[in-house]
Amino acid sequence: MTADCRVSIYSQDSLGLGHLRRNIVIGGTFLEANKDSNVLLFADSPVAPFFELPDRMDYVKLPSIRKVSAGCWEATRLRIDERELIRLRADLLCNALKNFRPDVVLVDHMPAGANGELVPALEALKHAHPTCSVVLGLRDILDAPEVIQRVWETEGAYDALRSYYDRILIYGSKEMFGTCTTYRLPVPVLGTHYCGYVVKQDPVRRTNEIRQTLGPPKRRYVFVSAGGGGDGRLLMRTYIQALRTLGGKVDFATLMAVGVNAPPGVLLELKAEARGLPVRIVPYVDDSPSHIAAADLVVCMAGYNTLSEVLYLKKKALVVPRGGPSAEQRTRARLFAQRRLIDVLDPADLSPGTLAQRLAEDLERNDYPAEDAALPMDGARRAVDRLLELMGERAYAAST
């Protein structure tokens, strides 16, 4: 491996912060493992980079796009034609990758990129830098199998996998969900590896330090989060209405993190509705693991990153998965609930009354998360091990 080791990460994240957070964790872990490396991140989240980047990591901001439906995209901020926008993004990717000359490209989630935008860059890299390795990183659950198979066939994702990729890394557990077989993934020449769940494993702050920010002391504390916040308004409003339903039974404090991607006005609306209740509402928290660790109960949606943190910290969580359009969150919530790792309230059953009842019940429960159902949570380290292994093999082959 050369002293100047370069990694590029493509992170498409049109709605939330999940992909961006996961890739920064993996990139940071790579930098810790190889002190002479540099990481260039391609991000299109409307709030990129949002998270603090470690030394020797920088990013290229692509114009933001959002998914309208499976396989259909539109500009988030610019008012230009979709085809023109994809062409602009594709040119940025191609030029930046050719000039950065990475040793490995880690592509997150979409083998061909949004609307196939990554294919020209991969083709150019194959000719300009043939020793560059291309790796696909996938969270375990993507969507319903029939949806992924249809969209990937239409967008050329399967063809891209067969043509350009050396290895696939799956951020999950084969015992929990068989990603390869479910989505009929072709096996690249250097194989597919289940790495476990990716979660930031930094030390958390002291519980008392977190609870002091909530105002007058309460016996217990609930942390409410909707991840990036792009679609968490219904859960947040229903939670506040559930507290009204409980009335005098509310003997706990609540910290509600609305999310950095919440639509304008939601924060003020929720604060008005929660007036008089023991609730502190903030746009976001800088250190969600510490707030999860300090909570007696977490109320959240079923996003990959939030639930990975909940599982890693072994906390009780009442989970209301996103109802659609993707089946990802409902599938993840169902599988985790079957292992008694979380409690789930189906979004079709969400109401102030049902949420109030389950909230009161879960605060008293001590029968989950099940200790014997623990999942591998060292996904970042194991993913980096596979990347370093791949780069070492390429460096050895080049020297012989």
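# Briefing on a predicted model

Asn366 is exposed, with a relative accessible area of 74%. Asn366 belongs to the loop between α13 (352–364) and α14 (379–399), and although Asn366 and Lys316 are 50 residues apart in sequence, their C-alpha atoms are 8.4 Å apart in space.

**Helix α12 and Glu328**

- Glu328 is part of helix α12, which covers residues 328–338, and Glu328 counts as buried because its relative accessible area of 7% is under the 20% limit.
- The side chain of Glu328 makes a polar contact of 3.1 Å with the side chain of Arg139.
- When neighbours within four places in sequence are left aside, the residues in contact with Glu328 are Arg139, Ile141, Leu142, Asp143 and Tyr304.
- The buried residues in α12 include Glu328 together with Gln329, Thr331, Arg332, Ala333, Leu335 and Phe336, and the elements that cover the buried residues of α12 include β7 (133–139), α11 (304–313), β14 (317–319) and β15 (343–344).

**Helix α11**

- Helix α11 is mostly covered, with 8 of its 10 residues buried; these buried residues are Tyr304, Asn305, Thr306, Leu307, Ser308, Glu309, Val310 and Leu311.
- Lys314, which follows α11, has a positive phi near 60°.

**Helix α2**

- Helix α2 takes in residues 82–100, and its 19 residues, at 1.5 Å a residue, should span 27 Å, which agrees with the 27 Å between its end C-alpha atoms.
- The N-terminal end of α2 is capped by Asp81, which has a side-chain oxygen 2.9 Å from the backbone nitrogen of Arg83.
- Buried in α2 are Leu85, Ile86, Arg89, Ala90, Leu93, Cys94, Ala96, Leu97 and Phe100.
- An α-helix has 3.6 residues a turn, so residues three or four places apart point the same way.
- After α2 comes Arg101, which has a positive phi near 55°.

**Nonpolar cores**

- The largest nonpolar core has 113 residues, and of these Trp152, Tyr165, Phe223 and Phe336 touch the most other members.
- Apart from that core lies another, of 32 residues, which has Ala242, Leu246, Met301 and Leu345 among its members.
- Leaving aside neighbours within four places in sequence, Tyr165 has contacts that include Val107, Met110, Pro111, Leu118 and Leu122, and Val134, Val135, Leu136, Ala160 and Pro188 are also among the residues in contact with Tyr165.

**Aromatic rings and charges**

- The count of aromatic pairs comes to 4.
- One of these pairs is formed by Phe177 and Tyr183, which are tilted, at 6.0 Å centre to centre and with 50° between the planes; Phe177 counts as buried at 13% relative accessibility, and Tyr183 is buried with a relative accessible area of 0%.
- Tyr197 and Tyr304 also form a tilted pair, since their ring centres are 5.8 Å apart and their planes are at 35°.
- That pair links distant parts of the chain, 107 residues apart, with Tyr197 in the loop between β9 (192–194) and α7 (207–211) and Tyr304 in helix α11.
- Tyr197 counts as buried at 2% relative accessibility, and Tyr304 is likewise buried, with a relative accessible area of 4%.
- Tyr197, Tyr304 and Phe336 are linked into a cluster by ring pairs.
- The charged end of Arg22 sits over the ring of Tyr304, at 4.6 Å from the ring centre, while Arg6 lies over the face of Phe100, at 5.3 Å from its ring centre.

**Backbone features in the loops**

- Gly324 and Pro325 are joined by a cis peptide bond with an omega of about 5°, and Pro325 is located in the loop between β14 and α12.
- Another cis peptide bond, with an omega of about 0°, joins Tyr368 and Pro369, and Pro369 lies in the loop between α13 and α14.
- Arg56, in the loop between β2 (37–43) and β3 (57–61), has a positive phi of about 70° although it is not a glycine, and Arg56 counts as partly exposed at 34% relative accessibility.
- Arg340, in the loop between α12 and β15, has a positive phi of about 60° and is not a glycine either; at 44% relative accessibility, Arg340 counts as partly exposed.

Definitions and conventions. Residues numbered from 1 in each chain as written. Predicted model: local features only at pLDDT ≥ 70, side-chain atom pairs only at ≥ 80, totals over all residues. Heavy atoms only, no water. Helix = DSSP H or I, 4+ residues; strand = E, 2+ residues; numbered from the N terminus. Buried < 20%, exposed > 50% of the residue type's maximum accessible area, 1.4 Å probe, protein only. Polar contact = N/O pair within 3.5 Å; in protein donor to acceptor, adjacent residues only side chain to side chain. Contact = heavy atoms within 4.5 Å. Core = buried A, V, L, I, M, F, W, Y, C linked by side-chain atoms within 4.5 Å. Phe/Tyr/Trp six-rings, centres within 6.5 Å; stacked < 30°, edge-to-face > 60°. Lys NZ or Arg CZ within 6 Å of the ring centre and 35° of its normal. Expected span 1.5 Å × (residues − 1).
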